[in-house]
Amino acid sequence: MAVKKAENIETAKLSRSFGWLAALGVILVIAGVVGLIYTGVATLTSMLLFGWLLLIGGTVGLLHAIQARGSNFFWLGVVVAALNIAAGIVVIGRPEAAAAALTMFAALLFLTGGVFRLAGSLVVRGPQFGWTLVQGAFGLLLGILVLASWPSSSKYVIGCFFSLGLLFDGLGLIATGFGGRKIVDLVTEQQQEAATKPTEAE
């Protein structure tokens, strides 16, 4: 009886955890939709978050490097931490300029990735030829569009990607939460049916 009660408590906790996961997914979806509507605000917000992450990560890395000052990687850790701290200060101080630079970098990545995918698909012509060709053409077109309107595109490109990331992550958490709760409920029903069978037989 005590074992069954403990199992019920654990099942309730697991179901509650999946419920919180789905609730977090809903919050992320709402944040993603709002970010897609206000892409300029989302861009600045994402850059400030990125800057603070660099600053905090650099500070933590510097503390670790100081604690391990007797090791061979002391100066390397100090240099990497100092670069992260400096980059974080620059991004926080000038988020618009940082967004413009990051948008340029993203556009170049789209261009080079699209060119390589197109060339690779045409040379190899494997089973995924059509899909790779479409991916390459889409990346190339996206890079050209971003570069054609740069630096004005930096006001919305980063925010759009950031918001889409929140949206898809939220949808994934919602699907995981509801799917997990369904599995827990199904297992609970099967356990209850298995527990009542001997009683019915008697």
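In what order do the elements of the chain run from the N terminus on? They run α-α-α-α-α-α. The legends below describe a predicted model.

Figure 1. The chain holds 202 residues, and 25% of them count as buried. Its accessible surface comes to about 13,500 Å². Carbon and sulfur atoms account for 74% of that surface. Among contacts with a separation of 6 or more, 80% join residues 24 or more positions apart.

**Figure 2. Six residues form the largest nonpolar core.** The members are Met47, Leu54, Val91, Ala98, Ala99 and Ile158. In soluble globular proteins, nonpolar side chains tend to be buried together.

**Figure 3. Met47 belongs to the largest nonpolar core.** Which residues does Met47 contact, leaving aside its neighbours within four places in sequence? They are Val91, Pro95, Ala98, Ala99, Leu102 and Ile158. Val91, Ala98, Ala99 and Ile158 are also members of the core.

**Figure 4. Helices H2 and H4 cross at roughly 95 degrees.** Their axes come within 9 Å. An angle of 65 to 115 degrees counts as roughly perpendicular, so H2 and H4 are roughly perpendicular to each other. From H2, the contact is made by Thr43, Leu44, Met47 and Leu48. From H4, Pro95, Glu96, Ala98, Ala99 and Leu102 take part.

**Figure 5. Thr43 sits in helix H2.** Is Thr43 buried or exposed? Its relative accessible area is 2%. Buried means under 20%, so Thr43 is buried. Neighbours within four places in sequence aside, Thr43 is in contact with Ala99, Ser154, Lys155, Tyr156, Ile158 and Gly159. Of these contacts, Ala99 and Ile158 are members of the largest nonpolar core.

**Figure 6. Helix H4 has 30 residues.** From its first C-alpha to its last, H4 reaches 42 Å. That is close to the 44 Å expected at 1.5 Å a residue. Which residues of H4 are buried? The buried positions are Pro95, Ala98, Ala99, Ala100, Thr103, Ala106, Ala107, Leu111, Gly114, Leu118 and Ser121. Pro95, Ala98 and Ala99 also take part in the contact with H2. Just after H4, Arg125 takes a positive phi of about 50 degrees.

Key: Residues numbered from 1 in each chain as written. Predicted model: local features only at pLDDT ≥ 70, side-chain atom pairs only at ≥ 80, totals over all residues. Heavy atoms only, no water. Core = buried A, V, L, I, M, F, W, Y, C linked by side-chain atoms within 4.5 Å. Buried < 20%, exposed > 50% of the residue type's maximum accessible area, 1.4 Å probe, protein only. Contact = heavy atoms within 4.5 Å. Helix = DSSP H or I, 4+ residues; strand = E, 2+ residues; numbered from the N terminus. Areas by Shrake-Rupley, 256 points an atom, 1.4 Å probe, with all protein chains shown as cover. Expected span 1.5 Å × (residues − 1). Axes fitted to C-alpha atoms, helices over the stretch in contact; angles between N-to-C directions. Parallel < 35°, antiparallel > 145°, perpendicular 65-115°, else oblique.
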